[in-house]
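Keep the structure in view as you read.

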Amino acid sequence: MALERLLKGFADFRVGYYQEHLALFEKLATEGQSPKILIVGCSDARIDPGILTQTRPGDIFTVRNVAAMVPPVQIPPDERHHGTSAAIEFAVRGLGVEHIVVLGHALCGGIGALVDGTGGAYAHYDYLSTWTSIAQETRDRVVEELRGRPREEVTRAVEQAAVVNSVNNLMGYRWIEERVKAGTLTLHAWWFNLTVGQLYAFDPKSLKFAAVVGVKLEDAITAGTPRSALKPEAFAAALAGKKPAF
């Protein structure tokens with residue numbers, strides 16, 4: 001039944017949306033893609049970057065994985081399989097995107113598993129804990145800073161801190177750092193609360209996520225942003241009400 005629904009959806013797309021935007025698809029087929037924005041999002045079925053941003057085919061280059069994580073750079077590059085890093089590299093070096101958005105979200109299962117650790121329901125999975133360990137130090141720092149707080153609050157803080165960690169990891173790739181410093185690439189750390197339909201953006205000045213109001217967005221990571229502002233421990237300290245030690 002589920003698969004039949006997909007096929008029915010494609011049939012509707014074929015005679016509906018595709019025909020209505022035939023010129024767009026013909027242009028994409030003949031001229032290729034030239035998106036200006038890369039979104040690193042979560043695989044969660046409830047969080048579709050294209051739907052959230054109401055974009056058209058060709059507008060955004062999207063990478064989705066568990067918990068919207070960016071792994072740290074491998075120097076020198078090894079021969080393992082780096083799907084996320086390869087997609088980011090293609091978007092930056094091949095397509096020349098001008099913005100990278102790391103989009104985390106509330107109620108993230110991957111982050112929940114990371115928070116629960118060996119005592120969680122997914123601890124026996126083969127690959128999950130290895131992948132989410134990208135943010136293990138971030139998780140540990142937040143849990144320590146928010147010790148005694150409710151699990152829901154701690155998990156939400158880890159969700160946001162993991163986004164900051166991924167942006168910090170992005171700056172470890174030389175071809176990203178070079179473009180950010182040159183002013184041709186801007187990084188963004190976003191978190192979406194699906195329970196209320198609100199988007200939040202990380203402000204490197206206040207070290208907190210602030211609600212996005214309207215369509216004007218000023219909070220971003222640019223050439224003038226100090227790298228220290230992207231350290232997850234600084235975010236965790238600010239969240240706990242302490243003065244970050246830079």
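A crossing is left-handed if the near helix is turned anticlockwise from the far one by less than a right angle, and right-handed if clockwise. By that rule, α9 passes α11 in a right-handed crossing. The model is predicted, so local features need pLDDT of at least 70 and side-chain atom pairs count only at pLDDT 80 or more, while totals for chains, interfaces and linings use all residues. Residues are numbered from 1 along each chain as its sequence is written, and side-chain values use heavy atoms, with hydrogens and water left out.

**Terms for the elements**

- Helices (H or I, at least four residues) and strands (E, at least two) are DSSP runs, numbered from the N terminus.
- Ala, Val, Leu, Ile, Met, Phe, Trp, Tyr, Cys and Pro count as nonpolar; Asp, Glu, Lys and Arg count as charged; the others, Gly among them, count as polar.

**Helix packing: α9 with α11**

- Two packed helices are described by the angle between their axes and the distance between the axes.
- The axes of α9 and α11 come within 8 Å and cross at roughly 150°. (Axes are lines fitted to C-alpha atoms, for helices over the stretch in contact, and angles run from 0 to 180 degrees between N-to-C directions.)
- This angle makes α9 roughly antiparallel to α11. (Angles under 35 degrees count as roughly parallel, over 145 as roughly antiparallel, 65 to 115 as roughly perpendicular and the rest as oblique.)
- On the α9 side, the contact (heavy atoms within 4.5 Å) uses Ala-157, Gln-160, Ala-161, Val-164, Asn-165 and Asn-168.
- On the α11 side, the contact uses Pro-232, Phe-235 and Leu-239.
- The residues of this contact divide into six nonpolar, three polar and no charged.

**Helix packing: α8 with α9**

- The axes of α8 and α9 come within 9 Å and cross at roughly 140°.
- That makes α8 oblique to α9.
- The crossing of α8 and α9 is right-handed.
- From α8, the contact takes Thr-138, Arg-139, Val-142 and Val-143.
- From α9, the contact takes Val-154, Ala-157, Val-158, Ala-161, Ala-162 and Asn-165.
- By class, the contact of α8 with α9 has seven nonpolar, two polar and one charged residues.

**Helix packing: α5 with α10**

- α5 and α10 pack at an angle of about 35°, with their axes 10 Å apart.
- The crossing of α5 and α10 is left-handed.
- Ser-85, Ile-88, Glu-89, Val-92 and Arg-93 of α5 meet Arg-174, Trp-175, Ile-176 and Arg-179 of α10.
- This contact of α5 with α10 has four nonpolar, one polar and four charged residues.

**Pockets**

- Rolling a probe the size of a water molecule over the atoms shows where empty space is left.
- On a 1 Å grid over the protein atoms alone, a cavity is a set of points where a 1.4 Å probe fits but cannot get out, and a pocket is an open set with protein on both sides within 12 Å along at least five of seven lines; lining residues have an atom within 4 Å of a point.
- Grid points are joined across faces, edges and corners, and a volume is the space filled by probe spheres set on the points.
- The largest pocket holds about 780 Å³ of space.
- Of its 25 lining residues, the closest to the centre are Pro-71, Pro-72, Gln-74, His-82 and Ser-85.
- α5 (83-94), α7 (128-132) and α10 (174-182) are the elements that give two or more residues to this lining.
- α5 gives the most, with six residues.
- The lining of the largest pocket has 11 nonpolar, nine polar and five charged residues.
- The second largest pocket has a volume of about 250 Å³.
- Its lining includes Pro-72, Thr-130, Arg-141, Asn-165 and Glu-233.
- α8 (136-145), α9 (151-170) and α11 (232-239) each give two or more residues to the lining of the second largest pocket.

**Cavity**

- One cavity of 30 Å³ or more is found in a search of the whole structure.
- The largest cavity is lined by Ala-67, Gly-104, His-105, Cys-108, Ile-111, Glu-159, Ala-162 and Val-163.
- α9 supplies the largest share of this lining, three residues.
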